[in-house]
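Here are my notes on this one, as numbered points you can read with the model open beside you.

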Amino acid sequence: MVDATEPVIFADPAVIAGLDHWRTLSIKQQPAWPDPTAVAAASAEIASMPPLVFAGEVDQLRERLARAARGDAFLLQGGDCAETFAGATADQIRNRVKTILQMAVVLTYGASMPVIKMGRMAGQFAKPRSSDTETRGDVTLPAYRGDIVNGYDFTPESREADPGRLVKGYHTSASTLNLIRAFTQGGFADLRMVHSWNKGFASNPANQRYEGLASEIDRAIRFMEAAGADFDELKRVEFYSSHEGLLMDYERPMTRIDSRTGLPYNTSAHFLWIGERTRELDGAHVDFFRRIRNPIGVKLGPSTTPETMERLIDVLDPDREPGRLTFITRMGAGKIRDALPPLLEAITSMDATPLWVTDPMHGNGLTTPTGYKTRRFDDVVDEVTGFFEAHRQVGTHPGGIHVELTGDDVTECLGGSEMIDEATLATRYESLCDPRLNHMQSLELAFLVAEELSKASRA
């Protein structure tokens, strides 16, 4: 973050002190570390490591999100519900990136709108839990809180919180980001490669529809090349990282002072969000994240009131800075049409322009009689449709979509063109936490969103 050509600006001591004020406040969803000394040592080691992202990239993302909040761009945010260390392979990372690139092409071409590409990647290792413990039979152990905290295996040794995993989380994030940057800057993401992004995926109706769109893009590019257009900018794409800002023993040491401005940036990701379980106005997470320069997201459930929303704006975006604050709604298909419009109507009378993004995953969970956590694809689609309907009703901008997905052909969500049923779930159910859309379902959803965006642009 230090540029030798620029003078180094040091932070106000009060700014640095403020970054630790959260320690005096109530905090939720933190592990019960057995050895505080080991945790402090792990955090100190992380604080000595290089940043994973840079302040200039964060500032650029804030500008891009401001465009989306105005209705001039759209955010596509997708990736694993919870990354695992074992899943950080080149093939799995490439397939997730390919899926997001394919979805972005569908959205860009279908809606004639710039798409901001963001992965739930390179840091989405910690998960909030509804209970601190898990019981199987007559055995009760600590809940699995993600690979950055403990193991999934149901043994006392695996489930004990291990501070060494914090450091492994940093290194796994670094290697993931390194590969993402290679893919997105080294020619793999060249828009002239739209057909190659389909290679390796199973043949299905969504891929066939994508191939037709890719052929149209090919023809358009050949025409423009014949007309003398320069396509150097098509060789690379901007791709941003994001995760839930949950584990403070990781997020605090990853927060650094920018030498250009003397202001704090969380360098663990370009974008962080605060979950609905940790967004208390007087809690530790809101206090910490209000002090950093990154764009911040906040999850809003169906019980959110306009008063709570306004207070969140006042705390997290007091200067009403474009691109600073994103509201990620996770209402549920059966509730969004009633719960979202009052918030959108209230925002029109406030001096704030947050980016509105739909998370159609987390409000639509269910458990099958056989014990599988799943979601119905039709419910996901219905919530997305309700999100767009609410914005059309009020006259505000639907600015993005936030989905849990994988590039692999898993069977975790019911329905879609493949008609995955309860019996099929066991075929390739691989998630350790929440069910994800597979590659085909992700593409299907992208075509639906493109149609909704096209309607919005004609309105």
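1. A word on classes before anything else: Ala, Val, Leu, Ile, Met, Phe, Trp, Tyr, Cys and Pro count as nonpolar, Asp, Glu, Lys and Arg as charged, and the others, Gly among them, as polar. Also keep in mind that this is a predicted model.

2. Start with the largest cavity. By those classes, its lining splits into six nonpolar, two polar and two charged residues. The residues concerned are Gly 123, Phe 125, Ala 126, Ile 148, His 243, Glu 244, Leu 246, Leu 247, Tyr 250 and Glu 251. Two elements, β5 (239–244) and α8 (248–251), each put at least two residues into that lining. The space inside comes to about 60 Å³.

3. How many cavities of 30 Å³ or more does the structure hold? There are two of them. Around it you'll find Asp 317, Arg 320, Glu 321, Pro 322, Gly 323, Arg 324, Leu 325, Ala 352, Thr 353 and Pro 354.

4. Setting aside neighbours within four places in sequence, Ser 173 is in contact with Leu 52, Ala 122, Gly 123, Phe 125 and Tyr 250. Gly 123, Phe 125 and Tyr 250 are also among the residues lining the largest cavity.

5. Now the open space. The largest pocket has a volume of about 920 Å³. It is lined by 37 residues, and those closest to its centre are Pro 128, Arg 129, Lys 373, Cys 433 and Asp 434. Strands β3 (133–136), β12 and β13 (373–375) are the elements that give two or more residues to this lining. By class, the lining of the largest pocket has eleven nonpolar, eleven polar and 15 charged residues.

6. Which residues does UniProt list for "binding site"? The entry, which is unreviewed, gives Cys 81, His 362, Glu 404 and Asp 434. They are spread over 354 residues of sequence, yet they cluster in space, with a largest C-alpha distance of 9.9 Å. His 362, Glu 404 and Asp 434 are included in the lining of the largest pocket.

7. Take His 362 from that list. This histidine is in the loop between β11 (355–358) and β12 (365–367). Is His 362 buried or exposed? It counts as buried because its relative accessible area is 19%, and the limit is under 20%. Beyond residues up to four places away in sequence, His 362 touches Arg 120, Lys 127, Lys 299, Arg 330, Arg 375, Glu 404 and Asp 434.

8. Asp 434 is the next one to look at. It lies in the loop between β14 (400–404) and α13 (439–458), and with a relative accessible area of 12% it is buried. Its side chain makes a polar contact with the side chain of Lys 373, at 2.9 Å. Not counting residues up to four places away, Asp 434 touches Cys 81, Lys 127, His 362, Lys 373, Arg 375, Glu 404 and Glu 412.

9. The C-alpha atoms of Ala 82 and Arg 120 are 8.6 Å apart, although 38 residues separate the two along the chain. Leaving out residues up to four places away, Ala 82 touches Gln 124, Lys 127 and Cys 433.

10. Last, a buried arginine. Arg 159 is in helix α5 (residues 156–159) and has 1% relative accessibility. What does the side chain of Arg 159 make a polar contact with? The partner is the side chain of Glu 134, at 2.9 Å. The Arg 159 side chain also reaches the backbone oxygen of Pro 142 at 3.0 Å. Leaving aside neighbours within four places, its contacts include Arg 136, Tyr 144, Asn 150 and Asp 153.

Definitions and conventions: Residues are numbered from 1 along each chain as its sequence is written. This is a predicted model: local features need pLDDT of at least 70, side-chain atom pairs count only at pLDDT 80 or more; totals for chains, interfaces and linings use all residues. Side-chain values use heavy atoms; hydrogens and water are left out. On a 1 Å grid over the protein atoms alone, a cavity is a set of points where a 1.4 Å probe fits but cannot get out, and a pocket is an open set with protein on both sides within 12 Å along at least five of seven lines; lining residues have an atom within 4 Å of a point. Grid points are joined across faces, edges and corners, and a volume is the space filled by probe spheres set on the points. Helices (H or I, at least four residues) and strands (E, at least two) are DSSP runs, numbered from the N terminus. UniProt positions are given in the numbering used here, feature names are shortened, and annotations may be inferred rather than shown by experiment. Buried means under 20% relative accessible area, exposed over 50%, partly exposed in between (1.4 Å probe, protein chains only). Contact means heavy atoms within 4.5 Å. A polar contact is a pair of N or O atoms within 3.5 Å; within protein, one must be able to donate a hydrogen and the other to accept it, and residues adjacent in sequence count only if both atoms are side-chain atoms.
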